[in-house]
Amino acid sequence: MAQEWNIRHRAHECSICGCKFADKQSCVSLLRAVTGSYERMDCCVRCWDCFERDWEPFSLWDGIYHAPKPAEIRKEPVRKDTAETLLRKLIDLEDPAMRNVVYVLAVMLERGKQLIERDTKPHESGGILRIYEDKHSGDTFVVLDPKLHLDKLAIVQQQVVALLSGTKTLEEDEA
Ligand SMILES: [Zn+2]
């Protein structure tokens, strides 16, 4: 079974021909389900169109490659950066107990226009897998939307606010 969430980084070169992408070049990004995980490919439009394969992508979208601009990233408001740092940390932990927090953080970052939703897929748990792409780095986040009820959502939001404000640490929250 594919993991419920993970991070996949955007490549700086075509996964098929190996050529470096130029800034603002159109590209095709996709996720392929492989045993227990996802493999990400970023390709030139023409390479993908001519690519012979006997499998279908799990998810596919058109994008624009942006060369990294460290100066621009530094100008982001501190709070957004903190939410994203926390999201990356939680995704790396792969702790099912943090599933709801991961989802609420991803939604916050989407509302803040930091993440763009690229695709959704039904999940065997009854939830929805949401595929987000980071606007700046192009990294992909696969996050399970557990379809929280409103009362539960309020509790998770408090949890997220506590983690972001530093009144609670991750270790305390897990305990
Ligand atoms: Zn190519």
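This is a predicted model: local features need pLDDT of at least 70, side-chain atom pairs count only at pLDDT 80 or more; totals for chains, interfaces and linings use all residues.
## Overall architecture

The protein contains six helices and seven strands. Along the sequence these elements follow the pattern β-β-β-α-β-α-α-α-β-β-β-α-α. The chain has 175 residues, of which 29% count as buried. Among contacts with a separation of 6 or more, 58% join residues 24 or more positions apart.

An open sheet is formed by three strands in the order 3-2-4, with antiparallel pairing. Strand 3 (37–44) and strand 4 (59–64) are the edge strands; each has a single partner strand, so one side of each is left without a neighbour in the sheet. On average, neighbouring strands of this sheet are turned by 25 degrees against each other, direction ignored. The pairing of strand 2 (residues 26–34) with strand 4 is antiparallel and comprises six bridges. Within this pairing, Ser26 stands opposite Ile64 of strand 4.

Strand 5 (residues 115–122) and strand 6 run antiparallel and are joined by seven bridges. The two strands form a hairpin with five residues between them, and Gly126 in the turn has a positive phi of about 100 degrees.

| Strand pair | Bridges | Facing residues |
|---|---|---|
| Strand 2 and strand 4 | six bridges | Ser26 and Ile64 |
| Strand 5 and strand 6 | seven bridges | Lys121 and Leu129 |
| Strand 1 and strand 7 | three bridges | Arg8 and Thr140 |

In soluble globular proteins, nonpolar side chains tend to be buried together. The largest nonpolar core of this model has 35 residues, and the members touching the most other members are Val102, Leu105, Ala106 and Val143. Two or more residues each are given to this core by strand 2, strand 3, helix 3 (78–93), helix 4 (99–111), strand 6 (128–134), strand 7 (140–145) and helix 5 (150–165). Helix 4 supplies the largest share, nine residues.

## Helix 4 and helix 5

Two packed helices are described by the angle between their axes and the distance between the axes. For helix 4 and helix 5 the angle is about 80 degrees, and the axes are 9 Å apart. The two helices are therefore roughly perpendicular to each other, given that angles of 65 to 115 degrees are assigned to that class. On helix 4, the contact is made by Asn100, Val101, Val104 and Leu105; on helix 5, it is made by Val156, Gln157, Gln159 and Val160.

The length of helix 5 can be checked against its residue count. At 1.5 Å a residue, its 16 residues should span 22 Å, and the end C-alpha atoms are 22 Å apart, which agrees. Helix 5 is followed by Gly166, whose phi is positive, near 80 degrees.

## Residues with positive phi

Most residues other than glycine have a negative phi. Which residues have a positive phi although they are not glycine? Lys24 is one of them, with a value of about 70 degrees. Lys24 lies in the loop between strand 1 (6–8) and strand 2. Lys24 counts as exposed because it has 9 C-beta neighbours inside 10 Å, and the cut-off for this class is 12 or fewer.

Glu94 also has a positive phi, of about 50 degrees. Its place is in the loop between helix 3 and helix 4. With 13 other C-beta atoms within 10 Å, Glu94 is partly exposed.

Notes. Residues are numbered from 1 along each chain as its sequence is written. Two strands pair if DSSP finds at least two bridges between them. Helices (H or I, at least four residues) and strands (E, at least two) are DSSP runs, numbered from the N terminus. Axes are lines fitted to C-alpha atoms, for helices over the stretch in contact, and angles run from 0 to 180 degrees between N-to-C directions. A nonpolar core is a set of buried Ala, Val, Leu, Ile, Met, Phe, Trp, Tyr and Cys residues joined through C-beta atoms within 7 Å. A residue is buried if 20 or more other C-beta atoms lie within 10 Å of its own, exposed if 12 or fewer, and partly exposed in between; C-beta atoms are placed from the backbone. The expected span of a helix is 1.5 Å times one less than its number of residues. Angles under 35 degrees count as roughly parallel, over 145 as roughly antiparallel, 65 to 115 as roughly perpendicular and the rest as oblique. Two residues are in contact if their C-beta atoms, placed from the backbone, lie within 7 Å.
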